[in-house]
Structures are given as C-alpha cells and as structure tokens.
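Below are some notes for a colleague who is opening this structure without having seen it before.

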Amino acid sequence: MTLSDEVFLRRAIALAQYAREQGGDPFGAVLVWNGEVVHEAGDRSVACSDPTYHAELSVISEYCRTHRRFSLEGYTLYSSTEPCLMCAGAIHWSRISRVVFSVSQQMLQELSGGRPKPGCAELLNVGRQRVEVVGPLLPEEGLTVFAGYTLTPKVERHRAMFGPADASNGGVVV
C-alpha cells in the first residue's frame, strides 16, 4: 500500500460516511487518473430510485458520459467496500486497470448476515484483461461507517421513502 492509496481510500471511506448521513447506503468510490481524483460518488440508489446506482457504477458512468470516454485503462478505482458483482462487471467493461478497496465482501456479509458472494478479483480476471485488485486495506477504518448501521433491503427503504409502488402503472412510484 502506498501513501496515495491510503489518501484516496480514506476519501472513499469519507464518501461512504457522507452517503450514510444522506440516507444512502454507506458506500463510496473515487476514480483516480495520474494521481489526481477525477470523479467521486457515494451510493444514491434508493434516493434516485435506481437499483444500479451504486457508488462504483455511478462514478464510472458519470465520468465516462461527462468526458466522453469509453475506456478507463490506466485509471484506479478506490472503493470503501469491495465491488459487488454488478460493479465488477462495470469495472471490467470500462477497462479500469486497478481496484483498491477497504472492506471485503466477506466482511460485509458477516455484518449483514447475507449469503457469501464472490470477491471481485475472480470476476475481473477471467478473460485476457488483467485488473490489479488490492484489498482489504484499512479495514478497521472502512468498517467504522457500518457501526450502528442496519443493512436492510433497499426495496424496503425505497418503499419507506416513497411509498408502495402502484401496480396499475407497472410498479412505477409516482
């Protein structure tokens, strides 16, 4: 772990804390190019009514659209928690070169009581492309954002925030 890894990873953890304070899940991501933060995001999936709006996916999607980039070769993604299956897919397709995370999927599942999920390294490195995956780093700091936090299904929190979906309009919340 380098000093810059610590700095950027701590920024991702701070974003996770901010996302939690804003009513989101405690996840944050920072995208870095040549030692500079180029984009960052926290989880906003419930607030935006978008189950795919995880921190990692939004930081990739927003940056690529804004800067008209399709490939993020040479970029590093710092994540407060090891990317999930969906986010690992986005990392793969965007060709990010390096991923650094704090809390592992295994640690997260121990907190949530959920089923074990695969780590992102095995998903990212199945084809020709190779992604350097580093973590868990600073796990004690990463776990602090989960202290006292109850991981409840997003659909339940969405329902509490916006009310039940109306089945007559295809389940769209209006």
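1. This is a predicted model. In the second largest pocket, the lining residues divide into three nonpolar, three polar and two charged. Those residues are Ser-45, Val-46, Ser-49, Asp-50, Pro-51, Lys-154, Val-155 and His-158. The space in this second largest pocket comes to about 150 Å³.

2. The largest pocket has a volume of about 530 Å³. Its lining is made up of 23 residues, and Asp-25, Phe-27, His-54, Leu-108 and Lys-154 are the ones that lie nearest its centre. Two or more lining residues come from each of helix H3 (85–94), helix H4 (105–112) and helix H7 (154–162). H4 gives the largest share, four residues. By type, the lining of the largest pocket divides into nine nonpolar, seven polar and seven charged residues. Lys-154 deserves a look in both places: this residue lies among those nearest the centre of the largest pocket, and Lys-154 also lines the second largest pocket.

3. Turn next to the largest nonpolar core, which holds 41 residues. Within this core, Leu-31, Ile-60, Leu-72, Tyr-78 and Ile-96 touch the most other members. The elements that give two or more residues to the core are helix H1 (3–21), strand S1 (28–33), helix H2 (55–67), strand S3 (76–81), H3, strand S4 (98–103) and helix H5 (120–124).

4. Which residues does Tyr-78 touch, leaving aside those up to four places away in sequence? They are Ser-4, Asp-5, Phe-8, Leu-9, Ala-12, Gly-28, Ala-29, Val-30, Val-32, Arg-98 and Val-100.

5. Ser-80 lies in strand S3. Is Ser-80 buried or exposed? Ser-80 counts as buried because its relative accessibility is 2%, and buried means under 20%. Leaving aside residues up to four places away in sequence, Ser-80 touches Ala-12, Ile-13, Ala-16, Pro-26, Phe-27, Gly-28, Ser-102 and Val-103.

6. Cys-48 is in no disulfide, and the nearest cysteine sulfur, that of Cys-87, is 14 Å away. At 41% relative accessibility, Cys-48 counts as partly exposed. Cys-84 is in no disulfide either; the nearest cysteine sulfur to Cys-84 is again that of Cys-87, 3.7 Å away.

Methods
Residues numbered from 1 in each chain as written. Predicted model: local features only at pLDDT ≥ 70, side-chain atom pairs only at ≥ 80, totals over all residues. Heavy atoms only, no water. 1 Å grid on protein atoms, 1.4 Å probe; cavity = no way out; pocket = protein on both sides within 12 Å on 5 of 7 lines; lining within 4 Å. Points joined across faces, edges and corners; volume = space filled by probe spheres on them. Nonpolar A, V, L, I, M, F, W, Y, C, P; charged D, E, K, R; others polar. Core = buried A, V, L, I, M, F, W, Y, C linked by side-chain atoms within 4.5 Å. Buried < 20%, exposed > 50% of the residue type's maximum accessible area, 1.4 Å probe, protein only. Contact = heavy atoms within 4.5 Å. Disulfide = S-S within 2.5 Å.
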